[in-house]
Amino acid sequence: MLLEVTVKWVILFFLVLVGGQLHPPAPAEYRRLPPLHEQAEILNRWTSERIARIPLLLQKYGVDAWLMCQREHAEDTIWWSIKNATAYDVHRRTVVLFHTNTSSLQGQPNPLVWVDNTGQVWTDLHNRLAAYDPKRIAVNVDQNIAFSGGMHVGEMRVLEEELGPKWMSRMVNVPMLAVEYVSDKVSGQIQYYRDMQEVVWAMLEEGFSHKIIDPGVTSTTDLEWWFREKMLTLNVTTWNHPRIFVTTPASFPGWAGSDDIIKEGDLLHIDFGITAMGMNTDTQHLAYVLRTSEGETDAPEGLKAGLKKGNRMQDIVLENMKAGLTGDEVLQRCLEQMKLEDIEGQIYSHPIGDWGHDAGAVMGFTNFPEHVPVLGELPILPNTYYSIELFATHFVPERNETLRFLLEENAYWNAETETWQFVRGRQERFHLIDQRKRESTIPFNVQ
């Protein structure tokens, strides 16, 4: 009997997974991130672990050294992923040389760093290069990928003047070196990224509720600023202003919010992220304002069907994301599967991590729905995070209109299963604003 019950539970669990039941069962809680001093210590450990991988990356991409030259307010893009947690802009001119730690530089610090405004750095750098004699020196001068093109033109000209033809002839552009370094995660990050996602969901569940929204009074702009103010109380910041709009057939792509008074029957959309612990999130959710004056207790079935269709698209993306495939190859596989299932929509997913739009392959852009030059041609890398961003198009009979259901959730690479998984599940049911539950408090007002 016990075996029979166990088998039934295993089957039920399997069916739940196959069915994509990924909406977290319990309400989110506001997680308290470590104090800033402790955060700095954690971030420095992560950075040290990441930097320790660089010699192997250099070998992987066939270069002997990686040179960065930058000045205050003219930093190389990579600076923000190698700096100390308490550092901000670089000091004076800062020259950084990573190497493969062999030959005459055996035992030398890696990287070698000079902070100088006297010119002495060039004598020292000449001596180091002469002793090491690297044949290929990577510099970040790529024309198409920001993470691989962070050296400013002025710094490159200084290198040409100070190093001369011998060393400049050995400079090479190796875009994937910077891309892989920035995108690669260390194991300790995921626990804090989960906490950040929990914070995001807690904000969504509170902000998209009767506690904050008073239909007929609260505007989408009021709500945007509520999210900004809430971030301050949680000791997190953001990499983009929250954008909230009332969904209509014309509301896309939604890079800007609206300034509408929120009313009963509105389908609200938000796109926002938070920044903390050296990481970023990016989330898009949907909320429905119940027509309480008409006794409504749930969202119309047509809206729920549109959300479900978006969830199926999320499944399709995760099923087709394979390390080694290019972003365009994954995109094409997804579009073919959508066609087989008669699903209309668009995919525009991107890496996330050190930056909101992080280094790595993208799968579609809003203006490049089938092929993205350069970034779509990069390979999908494991051991990183992705924002699964997309929309499904669905006709809603209750409204007699076709709407776009825009969704976005963050996923991580699970090394044990070698699959992509959502960090904290995904939205499978609307946040509901129920006027009947509204407490007798003064509505939030930025005025």
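Leaving aside its neighbours within four places in sequence, Ser 148 is in contact (heavy atoms within 4.5 Å) with Asn 140, Val 141, Asp 142, Asn 173, Pro 175, Ala 178 and Val 179. This is a predicted model, in which local features need pLDDT of at least 70 and side-chain atom pairs count only at pLDDT 80 or more, while totals for chains, interfaces and linings use all residues. Residues are numbered from 1 along each chain as its sequence is written, and side-chain values use heavy atoms, with hydrogens and water left out.

Ser 148 sits in the loop between β4 (137-139) and α6 (153-168); helices (H or I, at least four residues) and strands (E, at least two) are DSSP runs, numbered from the N terminus. With a relative accessible area of 1%, Ser 148 is buried, a term for under 20% relative accessible area with a 1.4 Å probe, protein chains only. The Ser 148 side chain reaches the backbone oxygen of Pro 175 at 2.7 Å.

Now the domains. An automatic or database domain assignment supplies the bounds: domain 1 covers 52-181 and domain 2 covers 185-437. Their C-alpha centres are 37 Å apart. Ten residues of domain 1 are in contact with 14 residues of domain 2.

Across this interface the rule finds zero salt bridges, taken as a side-chain nitrogen of Lys or Arg within 4 Å of a carboxyl oxygen of Asp or Glu. On the side of domain 1 that touches domain 2, α4 (79-82) and α7 (175-183) are the elements that give two or more residues. The most comes from α7, with three residues.

Technical notes
Buried < 20%, exposed > 50% of the residue type's maximum accessible area, 1.4 Å probe, protein only. Polar contact = N/O pair within 3.5 Å; in protein donor to acceptor, adjacent residues only side chain to side chain.
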